[in-house]
Amino acid sequence: MRVTPGLGLGPLRIWGPTEVVWAVDEPDRAGFGYGTLPGHPEVGEEAFLVSRAGDGVWFEVTAFSRPARWWARAAGPAAQVVQHVYAWWLGRTLRRLCAGQ
């Protein structure tokens, strides 16, 4: 499946075309992984996995990427900060969904 999520508002939105390359749907694990497509600001892969274990519920994000556009390269370490904040935001959203908020 191809998906093009966006980050930002209006004309400042950055689009990131991706293709889901695997998915898992098991009783105690669910998640998916995708690879970037041309037009994405990064080149790489990212995976999101939620698992339930005896000690709780775990949300795991694994990412491998490098800048694909000049402005992503120019952003340097700030691009990694954006990736970390995005992963944190996804985790927070997942916690809120699980709590029914």
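**Close-up 1. The hairpin between strand 5 and strand 6, with Gly39 in its turn.** Five residues sit between the two strands here, and Gly39 takes a positive phi of about 105° in the turn. Keep in mind that this is a predicted model. Strand 5 and strand 6 run antiparallel and are joined by seven bridges. For a landmark within the pairing, pick out Phe32, whose bridge partner in strand 6 is Phe48.

**Close-up 2. The hairpin between strand 4 and strand 5.** To get your bearings, look for Val20, which stands opposite Tyr34 in strand 5.

**Close-up 3. Arg2 and Glu19, one of three salt bridges found in the whole structure.** The side chains of Arg2 and Glu19 meet with an N to O distance of 3.8 Å. Arg2 belongs to strand 1 (residues 2-3) and Glu19 to strand 4 (residues 18-26), so this pair ties together parts that are 17 residues apart in sequence. Glu19, at 28%, is partly exposed.

**Close-up 4. The salt bridge between Glu26 and Arg29.** Opposite charges can pair up when the charged atoms of the side chains come close. In this view, the closest N and O atoms of Glu26 and Arg29 are 3.0 Å apart. Glu26 is partly exposed at 39% relative accessibility, and Arg29 is partly exposed too, with a relative accessible area of 35%.

**Close-up 5. Arg52 reaches Asp28 in a salt bridge.** The two side chains meet at 3.2 Å, N to O. Which parts of the chain does this pair link? Arg52 is in strand 6 (residues 42-53), while Asp28 is in the loop between strand 4 and strand 5 (29-36). That makes it a link between distant parts of the chain, with the partners 24 residues apart. Asp28 counts as partly exposed, at 43% relative accessibility.

Conventions:
Residues are numbered from 1 along each chain as its sequence is written. This is a predicted model: local features need pLDDT of at least 70, side-chain atom pairs count only at pLDDT 80 or more; totals for chains, interfaces and linings use all residues. Side-chain values use heavy atoms; hydrogens and water are left out. A salt bridge is a side-chain nitrogen of Lys or Arg within 4 Å of a carboxyl oxygen of Asp or Glu. Helices (H or I, at least four residues) and strands (E, at least two) are DSSP runs, numbered from the N terminus. Buried means under 20% relative accessible area, exposed over 50%, partly exposed in between (1.4 Å probe, protein chains only). Two strands pair if DSSP finds at least two bridges between them.
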